[in-house]
Amino acid sequence: MSETPILRLSNINTHYGQIHILQDVSLEVYSGELVCLLGGNASGKSTTLKTILGIVKPTSGTIEFRGEPVQQRPTSYRIERGMAVVPENRRIFGSMTVEENLEMGAYLRNDRDGIKEDFERVLKLFPRLKERLHQLGGTLSGGEQQMLAMGRALISRPHLLLMDEPSMGLAPILVEQNFEIIQQINQQGTTIFMVEQNANMALSIGTRGYVLQTGRVVLTDQAKNLLHDEQLRKAYLGR
Amino acid sequence: MSKDKIGKDEWVASYQQRSAGIVGWRGALAGISERLPTWAWFALVIAIGVAIPMLTSNTYIIRVAGNIALMATLAMGLNLVVGYAGLLDLGFVAFYGVGGYVYAYLSSDFSGVHLPTGLTLIIVIGIGLLFGLLLGLPSLRLVGDYLAIVTLGFGQIFVQLMTSMTRVNLPGHERPVNLTGGPNGIVNLDPFSILGFTANTVTDYYYVLLAVMVIILIVGFHLNNSRIGRAWRSLREDELAADAMGMPTRQLKLLAFALGAAIAGLSGALFAAWQGSVFPGNFDIALLINVYAIIVLGGLGSLPGVIVGSVLMIAIPEILRNVELAGQLFYLLIIVTLIATLRPRWQSVALLVSVIVFGLILKPILVALSPASFAALEATSSGFVDTIRNWLAIPIEAKAVGNLAFGALILMILLVTRIKDMRVRFIALIPTLYLLSFVWETRLSQEPSITRLLFVGVLLIVLMIYRPNGLLGERRVEVV
């Protein structure tokens, strides 16, 4: 592809102390895509996401976000440039109301009208949240909390939405519902980079996928091809 | 799976009905507090505050009220750091001390400088902010317990420096210079004087303290509801998530630290002006504990809680100075606790009657067994106290027996809380309550200074068991 990707990781190496977690990870996300990062336990999925966000700093390699190297920049700068995250386990603010939670997502924005518009957009996407605007975040059910976490991320109108395990800890029916919403968000034009264990689910809505195994990208292809790939099974189940 | 499944939520829809269902005085109170707008609460606080000196000319009461206003101001500063931003700062009182000493330097013969109070206060606030930043920069790399330990160290260093910087060799001076006055402090400070108004009497100072408290209260309220306030709260909830929302967490923490320090500095200056002097001992750990007790009692992060907490933490120990009043409150508290906790309700009456009968039977038996140990008691000024003392079997060696009884009482209380069987517990409560009364009359009421501390301690323990979020604290909701 000739256009510049929204996000490009080139030869990223990340260490936790002495332990080499990510080994020469390179990946690209283009505008409008829904890219899935797959892999079994301890394959480095979450670390990749943390590295992209700047919560963990890579020891070498470059991260380009919208054409600009950001690997030396703090998290808040990257968010300001247009990343947003739906964290693992949702991590909503339990003692704050749904409305306040959503407002926190727009923390770095100053355009009152734009925020209001996006508020409406998010509430339209999640009518459940509209009913519960003044309820404390911690009193929501797991599925509703996931909606809130997504809404909180979307309200910043991100160029790139990062999702960490959106299916975690949810009942199967909620997982399905969730993925439908994610697909809908993507179809409305938001670029999404998703880390997920549930490979079938993720690939069924994704554009492309990367498979991580012990910190290396071992496989990458169009999502529909990956769905039937033998090697993917190997990456999950070992040899 | 779609949208028609995400329908209207009945539980949420019926909220109004359910809240209307809370009846009785609780419902009425909740209704009133929900309907009253915020400015009405402010007006109420101001009205009560302004009215106090008009209702009484007793300077002692006005002095206590002034102390409440001062402590409330200081506690609001701490509430901003601990309650809003969630930073456990144990060096907070040092900023109060800095404010006090800066005021002392700028308005006394000790340094020979006499600045107008208005200017001094601006400098005090500025220095408070600066000190907050200076201590915040290194400390905020630490979290939780570590922050607490390091700031505790800062607090101690401040007191030590103020105590010991009496002979410091400075360049340009032949002899060592006394920088802080040491344990003797700095005395004869200028009175508080601003815009042609000079505070001379206790009442004058009371109004100054009240005005500052109200200003800080209003500032704190608006701060809490601002963008920054919400950011602080999210920081307290989940720092990583706040970081991921793009909040500049470090700057936010520093801001909380600095603003808290500035408020502490301001209250310290007011304190110094009021007392007319500063001593290192004014800013020690005891004060720190008191301020923390205020915000924990009132509820972390709650502004009305700070006011209620200060009233309770300052007023209760003062009320307990009067032995007779303290006694009446003590017995009233026992009776109220019994009525509130025992079910069915008649049990509390039965228990009280049983305790009285128990005492009436026990005394003749003990006197008959050992007539030499008992003598007629001296009458006190209070009929109420005399009645109870005569009902109890108080021996001649009241102090020694009282000490033993104290130990026995603690054992009995532990025992009672362990007993599960209702009837056995009822029976065990009879001697326990008798012992409680006995210990009060022989020991606790005799040493009011220690009892006051005990009382506050017990109050805090009980509160933390039944309302861990404080009296007016918002309920914490954990995300599971």
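Colleague: Among contacts in chain A between residues at least 6 apart in sequence, what percentage join residues at least 24 apart?

Modeller: In this predicted model, local features need pLDDT of at least 70 and side-chain atom pairs count only at pLDDT 80 or more, while totals for chains, interfaces and linings use all residues. Residues are numbered from 1 along each chain as its sequence is written, with chains lettered from A and ligands numbered from 1 in the order in which they are written. Two residues are in contact if their C-beta atoms, placed from the backbone, lie within 7 Å. For chain A, the proportion of such contacts joining residues at least 24 apart is 68%.

Colleague: Why is chain A described as being as compact as a globular protein of that length?

Modeller: The radius of gyration is taken over C-alpha atoms, and the globule rule is 2.2 Å times the number of residues to the power 0.38. For 239 residues the rule gives 18 Å, and chain A is as compact as a globular protein of that length because its radius of gyration is close to this, at 17 Å.

Colleague: Which strands of chain A are the edge strands of the open sheet of six strands?

Modeller: Strands are DSSP runs of E, at least two residues long, and helices are runs of H or I, at least four, both numbered from the N terminus. Two strands pair if DSSP finds at least two bridges between them. The sheet has mixed pairing and the order β6-β7-β8-β3-β9-β10 in chain A. Pairing on one side only marks the edge strands, β6 (83-86) and β10 (216-222) of chain A.

Colleague: Which residue in β9(A) stands opposite A:Cys36?

Modeller: Strands of a sheet pair through backbone hydrogen bonds, either parallel or antiparallel. Strand β3 (residues 34-38) and strand β9 (residues 208-213) of chain A run parallel and are joined by four bridges. Opposite A:Cys36 stands A:Gly209.

Colleague: Is B:Arg418 buried or exposed?

Modeller: This residue, B:Arg418, lies in helix α18 (residues 398-418) of chain B. A residue is buried if 20 or more other C-beta atoms, placed from the backbone, lie within 10 Å of its own, exposed if 12 or fewer, and partly exposed in between. With 9 other C-beta atoms within 10 Å, B:Arg418 is therefore exposed.

Colleague: What percentage of the 239 residues in chain A do buried residues make up?

Modeller: The secondary structure of chain A comprises 10 helices and 10 strands. Its C-alpha atoms fill a box of roughly 50 × 40 × 40 Å, taken along the principal axes. Of the 239 residues in chain A, the buried share is 46%.
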